[in-house]
Structures are given as structure tokens and as C-alpha cells.
Amino acid sequence: MLYTNRITAVFTVLLIMICLWSCMTPAVIATQTIQKADDDNNQKRYREAIAGYQKYLKLAPALGLYRNLTMEADVYRKLAHASSALSEYDSSLFYLHSAVKIDSILEPNAMNLIDDYRRIGLTYGYKGDYINSIRFLKRSLDLNSGMANSIKGTKRNLAGDTFLSLAQVNYVIGNFREAELDAIRAFAVFRKIDGEYRGLMESYLLLGKIRIEDGKINNGINMIENSIRIAEENGLNTSRHYQALGSACLMESKYEEALNYRLKGLEQAEKSGILPQITWMNVKVGEIYSRLGDDKKAENFYESALSYISGTREEKLAFSTSLQMELGDMLQGSSINFNSGSLTSSALASLRLGETYEKTNKPLQAEYYFGKADTIFNLMGSSSGQAQAKLGLCRVLISKGDYRKAAFMINQVSEATANAEIAWQLHFERGRIYEQQKELLSAFREYVSAIEIIEKIRSGLSIEEFRSAFMTDKVHVYERLILLLIENSENRLFNDLEHPPIETAFYYSERARSRSFLDLIGNTKISSKNVSDTVLLGNEFRLRQQIGKITREIEMSRLGESGPGILEDYLETLNAEYVKTLDLIKLSNREYNTLISVEPFGLTEIQDLLGDNNAILDYWLGSEKSVIWVISKSRITAKLTKYGSEEMGKQISDCRERLKPGAEDLLGDLYNKLIIPVEQEIHSYKSLFIIPHRSLHFLPFQALVDTSGIFMIEKYDISYAPSASVLKHCSLKDPALNIDFLGMALGNMSLGNFSSLPGTNAEIRQIIQLYPGGTAKFEKETSETLFKTEADNHTILHLATHGFLDSRRPMNSYLLLPPDEKNDGQLTVSEIFDLNLNSRLVILSACETGLGMLSTGDEMIGLSRAFIYAGTPAIIVSLWPVEDATTAILMTRMHQYYSAGYRIQEALSYAQRDMMNCNFTPSVERGANHLVWEDALKYEIESGNKTKARNPFFWAPFVLIGFGGNSIN
């Protein structure tokens with residue numbers, strides 16, 4: 001009975017609901033539809049809002065007497081707003097014009113018509129059609145005539161909005177003077193309206209941006225801060241405010257502050273859900289990275305901006321001319337900019353075209369476009385733009401030999417701007433003029449002034465990756481100074497320098513290379529994640545876990561072609577978000593603010609680490625000429641050579657590609673270029689510390705061969721360092737007194753797409769014989785967590801596993817270890833930076849562990865640098881994929897010598913010579929420690945290896961980086 005009653009009750013309720021629904025009038029349904037759409041619009045659910053409003057418009061004709069045209073016009077405006085928020089500007093214009101049709105026949109709705117025209121003008125502005133934008137805004141202003149003095153607040157508000165909209169478009173197109181007048185008019189209107197905060201906020205913001213553009217930075221910042229105060233008091237979005245503050249910081253070359261503001265602006269934009277704002281903020285963040293010299297990160301943000309614009313890539317680039325100029329076709333982007341009606345776009349397009357023609361050696365075209373940009377920037381009243389255009393003109397004039405006109409233009413720019421980024425360029429260009437006019441001492445002083453400004457800006461950057469990237473396009477200043485001194489080292493003009501020209505040139509080469517790394521190891525160790533923002537740290541952990549998971553899924557994927565592609569796209573998105581999160585963490589880490597710029601060591605201090613039997617061979621690869629310094633305990637010499645960095649880079653690349661079958665011809669040619677010029681200076685030394693430059697970091701000097709067929713390693717013990725000052729710092733590290741070995745082997749385990757390395761088990765079993773009490777872990781006994789836990793308890797660390805080089809994101813390069821519940825098995829560069837090691841030697845017996853990303857500023861970001869920063873003074877790494885068995889033999893042999901008391905540099909050199917000569921018995925002369933060879937390696941020694949003996953592919957990949965002068969004793 002109870003069950004029957006329940007059924008009856010439910011049926012009755014359903015019947016009542018059906019009756020109520022059937023009794024609802026179209027007017028009620030229409031009202032509820034609008035209410036639901038309004039709620040979606042307020043919650044930024046724009047797609048749902050558009051669907052709701054369109055549903056209402058379909059219902060409207062059926063309302064009969066209840067049809068409300070005023071409401072329909074209002075719905076069209078709401079549809080336009082939602083479409084604009086989704087960057088669908090053509091749809092937005094259609095809806096606004098539909099509203100105009102209705103409002104034009106409703107006489108009492110003149111105010112709505114004025115607002116329609118204002119919105120149409122703004123939307124054309126969003127599209128980049130500034131001619132139509134101005135036309136419709138002026139039509140709105142004409143209709144609005146007289147309303148600014150109206151006693152009714154709503155009419156005043158509308159007048160203020162129209163003035164403000166016109167000011168915003170004028171600002172965007174570069175009519176700064178008109179923009180300022182319109183913004184002041186808008187401000188005056190909004191001040192008279194009680195409770196009007198949005199208009200005041202926008203007026204303050206726009207006036208602040210205009211003042212900044214005019215070079216009145218402090219006044220502009222004050223305006224923006226007033227705008228932020230109003231916005232925060234009323235819960236409004238502050239994305240554009242932070243973007244403007246970022247621009248102010250850029251004007252003063254405060255790059256990290258600018259980046260911090262713009263990342264905050266991007267965060268605010270993402271919270272708002274307004275796609276145009278998100279798109280633009282991605283572009284503006286990319287601009288900062290581009291200014292810092294980090295083109296890869298810049299491109300990531302530009303590509304992210306593109307992802308928010310609908311259509312094909314070509315349509316996206318055509319739609320967004322800023323992105324067209326950054327990522328697309330330069331000429332196409334310029335054409336769109338010239339036809340947009342925007343002074344700003346035309347000026348920037350002219351400037352970029354001038355730079356493009358300058359790089360392609362077309363001086364006449366470059367001069368024309370730089371001159372055009374100068375004229376337009378002058379019309380706009382943009383002092384910073386004019387300075388950049390005149391600098392471009394100056395460079396072209398110098399290349400043409402018109403030094404008088406170029407010098408006059410430099411003086412004009414100097415008087416017009418105090419921007420540090422412009423100032424160093426002015427000194428450099430003035431130096432070029434003096435050098436061409438043979439006023440060498442004046443040229444030297446100008447170059448020095450340019451370098452001092454560069455390094456002052458650089459010292460204001462707290463994060464070492466930014467310091468490294470910043471130097472990318474500044475190295476040519478150091479190069480010009482170095483070559484000036486070397487080429488004129490006998491000139492009496494330089495007699496009054498504090499140090500002789502050759503020594504001074506060497507000092508400036510040290511100031512140019514690996515500076516961010518020198519800063520790191522010369523300061524107190526910084527924990528990259530020592531911040532109080534738990535949300536940021538949580539995001540970093542979550543993203544790292546996701547990246548590890550997706551990476552493993554890609555490696556193990558057995559899906560069709562589309563599967564891995566989708567995963568790789570997702571991984572790219574995660575990596576971009578991870579990079580952004582890491583930078584936010586570092587920007588909020590107070591420890592980085594304590595990072596000071598460390599001065600390179602002087603020549604005398606560097607010579608102190610040398611003995612009678614060793615010397616430093618220091619290279620500088622210039623664009624057309626190169627320098628080789630030889631530094632001994634008592635003297636320094638320098639040789640100028642006629643090969644350049646591009647030629648050398650191509651030759652080294654060819655050599656590396658041909659190493660497996662043998663490349664003695666290329667190795668011989670490289671010997672002639674790199675060693676023959678200084679052969680007489682170095683022939684009496686036993687060991688060489690080599691300081692490579694640019695592509696030379698990827699060359700194994702030990703494999704260079706002379707005309708007699710003798711390899712460099714047969715004559716010298718060889719090691720490497722990023723700079724002489726870094727070598728000195730490594731030599732100052734006190735080696736631990738105890739000897740405690742930790743070895744890990746991947747062995748027969750295969751992880752994802754990485755194959756097993758059976759020879760590594762034998763490698764570690766062999767080596768552990770030489771270190772009684774040492775620790776050896778194999779296969780599943782090893783893990784990333786175990787290494788992180790145990791590494792700081794051992795003085796010799798030997799990892800026999802795979803290495804992975806991520807050339808796009810070098811901080812994500814890693815060593816492969818088995819994963820566990822705490823770690824993903826990828827020991828990345830960024831994670832190694834956070835270790836605290838007490839080791840005297842680290843050996844990475846893996847593939848390509850010595851490689852990394854090399855910046856023009858000669859910063860090698862990779863595993864070797866990370867381990868040196870973590871605490872080891874010496875690390876042995878590989879320059880190409882290595883063979884399993886021969887690596888096991890070479891590593892075992894090296895430890896035989898090292899454990900017997902030889903210096904690290906000697907131990908590796910002796911092991912490589914033994915590999916070449918098939919000598920694997922303990923040498924009485926050398927006194928290597930004895931061990932029992934395993935059968936597999938013994939067979940390789942006695943048979944297979946003999947055919948490989950002289951081939952550098954098998955013995956030359958391993959290099960010692962850091963100070964290898966310490967022995968186990």
C-alpha cells in the first residue's frame with residue numbers, strides 16, 4: 001500500500017510540473033532565457049551566453065504585443081560583448097549593426113545609438129581597422145555633442161565613455177597628443193559623476209600609459225597606481241595595469257620587474273577569461289623574453305597567443321599583426337601594418353623592415369625604412385621609438401662610411417633619451433666611428449663605457465638564466481674591444497693602460513664568457529625553490545609529475561600515429577606552463593636578490609693555479625677573426641687567426657658526424673687551425689687546461705691529430721673549463737679527505753624507449769674492486785630517490801646510465817634512473833642544481849652528458865654545469881653516444897689510475913692512451929691498481945677492441961670539465 005501511495009505522489013508531482021510548463025507564456029520563457037544568458041555572461045561562460053541570447057531572439061517575434069524592441073537591441077549589444085570576449089569581432093560587428101538598426105527607429109533611444117557607434121568604433125579598433133574605428137567613434141562623438149555638460153549623470157557618463165574610447169584608439173595608433181587631450185576630457189567628465197569609478201580607472205590608466213610613452217615615467221607610474229587602487233577597491237581586472245607597469249620598467253631596462261608585472265598581468269587575464277586580453281598578455285610576456293635574449297621562451301608565448309585566435313595559422317598571423325611580425329612573414333606583416341591606419345603599426349613595421357634589410361646587407365632599403373620610422377615616431381611623440389630608429393640609421397651610415405652624419409645622429413639620440421639599453425649602443429656605435437677614423441684610444445674608451453653599462457644592467461638581473469640570455473646579443477661589443485687590443489698590441493697609444501693590451505683583452509674575454517655561471521659558483525648556494533608561496537610550489541610539483549607521466553606515456557605508447565602526436569602537443573603545453581611557473585618561483589625567491597655579480601679573476605690569480613708543467617689554452621671565436629691565448633705560470637701570449645665562428649662551427653659539426661667511421665682528415669685540419677698557431681708555445685708542457693669558446697665546447701681536442709698522425713692526447717693530459725675564472729673557482733674547492741665511492745648501473749633494465757646497458761653492470765663491478773668499502777647499486781636497486789638521498793655522503797660518484805639532452809629546454813635534460821613513488825626517474829638539470837654534494841669527482845658514463853644549450857654569451861646550460869654548481873670541482877662527461885663495452889673498459893682503466901694516486905686529468909688521459917694502444921695490464925711504470933677483468937670485458941680487450949683501437953669514436957668522447965689537478969691522495 002505504501003509503495004502504491006509513493007507512485008501516486010510522484011505521478012501527481014510530474015503532472016503538476018507538466019501543467020505549469022504548458023501554462024508558461026512565451027514572455028515568461030523569453031524572460032527566463034535572458035536571465036539565464038545574463039548569468040552565463042556574468043560568469044564568463046560566453047558560449048553558453050551567446051546560445052541563450054540567440055534563443056531569445058528566435059522567441060522574440062512570437063511575443064506579439066509583448067515584443068520589446070529596446071530589449072532586443074540590448075540583447076544584440078550583449079551578444080556583441082560576448083563575441084568580442086571570444087575574439088570573434090566580425091560577429092560582434094554584425095550584432096552591433098543589428099542594434100543600430102533597431103535604435104535608429106526608436107527615437108527615445110538616442111543614447112543607445114550613441115553607445116552603439118562607440119562600441120562599433122572600438123570593435124573595429126580591436127580588428128586593427130583603425131580608419132573605420134575613428135570614423136564610428138567620431139560619429140558617436142558628433143551625436144554626443146553637448147552631453148558632456150548635461151546634468152544627467154547617465155548622459156555625462158556616455159560622453160565620457162566616448163571621449164575615452166577615442167583616446168584609447170588614438171593611443172593604440174600612435175596619436176599620443178590627441179589621445180592625451182581626449183583622455184583629459186574623459187577624466188574631467190567622470191570626475192563630476194558621483195560613484196563613477198570605472199571611467200576614472202580607465203582614464204588614469206590611459207594617461208599613465210601616455211606619460212610613460214612620452215618619457216615621463218614616474219608621473220605615468222603614479223597615474224597607473226591610482227588606477228590600480230580604484231580597480232582593486234571595486235574588484236576590477238588589473239591585467240592591463242600590470243602590462244603598463246611592465247612597459248614602464250622596460251623603459252628603464254628593468255627586465256625582471258617588467259617580466260614579473262607582465263606575468264601577473266597574464267595571470268589576471270586568464271582569470272578574467274577575456275581571450276583578447278589573454279592573447280595580448282602572452283604577446284607582451286614574449287616581448288620581455290625576447291628583450292632578455294631568450295628567443296625560445298619568447299616563441300613559446302607567441303605561439304600560445306596564436307592558440308587563442310581562431311582560424312588557420314596564416315589567418316591568425318594576418319589577424320594579429322604583432323604576431324605576424326614576430327612569427328610570420330615580415331613583409332606580409334608590414335603590409336598589413338602600413339594599411340591599418342595606425343601610426344604605431346606603420347612605425348614598428350618600418351623599424352622591423354629596416355632591421356631586416358640591415359641584416360641582409362641591403363643598406364639603401366634599410367636607410368629608407370629607418371628614416372621612415374624616425375619620421376613617424378617623431379609625429380607620434382615617441383622618444384623611445386625615435387631613439388631606436390636613429391640608432392638603426394646610425395649603423396647604416398657607419399657601414400656606408402658617412403661618419404660625420406652618424407656622429408651627429410648619435411648626439412641627437414644622447415640628448416633625447418637616458419635609457420640604459422640605448423646608451424650602451426650609442427657608446428658602441430661611437431666606438432666604431434672612432435676605430436674607423438683610427439682614433440684607437442677613444443674607440444677603446446667608448447667600448448669600455450658600453451661594457452660598463454651592459455654589465456650594470458646585467459647586474460640588475462637576479463636570475464642567472466636571465467643574466468645568461470641577456471648577454472646573447474651583447475658579445476659583439478666585447479669582441480670588438482678584444483680584437484682592437486690584439487690587433488694593436490704593439491701600438492704605443494695603449495702604453496698607459498693599467499695592463500698590457502694582450503692581458504687586458506684576456507680580461508675582457510673572461511668578463512664576456514660564462515658570467516652567469518661564475519656568479520652562481522661565486523655566491524652562497526641558492527635553493528631555487530625556497531619560496532613561501534605554497535600555491536606556486538604546488539603547481540611546480542603537479543606540473544613536474546604530469547610532465548614525467550606524459551613523457552613515459554609517449555615513450556611507451558603503442559597507439560596509432562595520432563596518439564603520440566596528441567600527447568606530444570599536450571607535453572609541449574605542460575612544458576611551457578612549467579617554464580613559466582619556474583620563472584615565477586625564481587622571481588619571488590628572495591635569495592636570488594642577494595646574487596651579486598662576481599668579478600673574473602685577474603691574470604696573476606689565474607697563473608697561481610699553474611705549475612711548471614701545465615698551461616692554459618684559451619680560445620675566442622670571433623665572427624671573422626679568432627684569438628688564442630697561451631697562459632703559463634709566468635707569461636701570456638696571444639695569436640690572431642683568420643677563421644671565424646661560423647666556419648669553425650660548420651667544420652666541427654661535420655667532424656662530429658663523421659667520427660664513427662673516422663675523421664682523421666677533418667681532425668688534422670682542425671689541428672692546423674687550432675694548435676699549429678701556438679704549437680711552439682705549448683710543446684714543452686705536459687698538461688693543458690683548455691678554455692673553449694662557442695662551438696669548440698663540442699670538440700674533443702684530445703682527438704686532434706698532427707701531420708705525423710699523432711693525436712693530441714698522446715702528447716698532453718687534457719681537461720676543460722667554461723672559463724679560466726671558473727677553473728680557478730673549481731681549484732679552490734677543498735677536496736674531501738675520505739674516499740667513498742658510489743656507483744650505479746642501469747644494467748639489464750630497459751626504461752621506456754631506452755634500451756638496457758648490460759655492460760654497465762660489468763663496469764661498476766670492475767670499479768668497485770678498486771674502492772674497498774664503496775657502494776655499488778645495480779638495476780632495480782638504483783633509483784632517483786636513492787641517488788638524491790645518498791649522493792652527498794660520497795666523494796666519488798659514478799653513474800652508468802642513459803642521458804637525455806633536451807636542446808629546446810636544457811634545464812629539462814636528465815639522467816635516467818628507475819622511478820619510484822617519490823620521483824619520476826628523470827634526474828633533471830634543475831634538480832641537480834638543488835643538490836648539495838661533497839664529491840671530489842663525478843663521472844657520468846652515459847650518452848651525450850657533456851652537451852647542452854650553448855648561448856652566444858658562452859653559457860653552457862647542461863648536466864656538467866649543474867653538477868659543478870652542486871658541489872663537485874671535476875666531472876667527466878661524454879660528447880656523443882658511447883658504446884657499452886668500450887666505455888666499461890675505458891672507465892675501469894681510468895679508475896685504476898685514479899685509485900692508485902694519479903691526478904684526475906692524468907688518469908683519464910692515461911686510460912685513453914691505453915685504449916688506443918690496447919694496453920690493459922697494470923703498468924709498472926705507471927703503477928695502476930690491479931684488478932681481475934670479467935670474462936666479457938676480457939674477451940672485448942683481447943679481440944674485438946683491437947679493430948677499434950685508433951678510432952677516436954671509442955676513446956675520445958669522454959672529457960674532464962673543471963679542475964682535474966687533485967689526486968686521490
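**How helix α24 meets helix α27**

Helix α24 crosses helix α27 in a left-handed manner, meaning that the near helix is turned anticlockwise from the far one by less than a right angle. The contact (heavy atoms within 4.5 Å) is made by Phe 444, Val 448, Ile 451 and Glu 455 of α24 together with Thr 504, Tyr 508 and Arg 511 of α27.

This is a predicted model, in which local features need pLDDT of at least 70, side-chain atom pairs count only at pLDDT 80 or more, and totals for chains, interfaces and linings use all residues. Residues are numbered from 1 along each chain as its sequence is written, and side-chain values use heavy atoms, with hydrogens and water left out.

Helix α24 spans residues 440-459 and helix α27 residues 501-512; they pack at an angle of about 25 degrees, with axes 12 Å apart. The two helices are therefore roughly parallel, a term for angles under 35 degrees.

Helix α27 has 12 residues and reaches 17 Å from its first C-alpha to its last, close to the expected 16 Å; the expected span is 1.5 Å times one less than the number of residues. Of the 12 residues in α27, 10 are buried, that is, under 20% relative accessible area with a 1.4 Å probe and protein chains only. Among them are Thr 504, Tyr 508 and Arg 511. Just after α27, Ser 514 takes a positive phi of about 50 degrees.

The protein as a whole contains 43 helices and 16 strands, which are DSSP runs of H or I (at least four residues) and of E (at least two) respectively. Buried residues make up 58% of its 969 residues.

Methods. Axes are lines fitted to C-alpha atoms, for helices over the stretch in contact, and angles run from 0 to 180 degrees between N-to-C directions. Angles under 35 degrees count as roughly parallel, over 145 as roughly antiparallel, 65 to 115 as roughly perpendicular and the rest as oblique. Buried means under 20% relative accessible area, exposed over 50%, partly exposed in between (1.4 Å probe, protein chains only).
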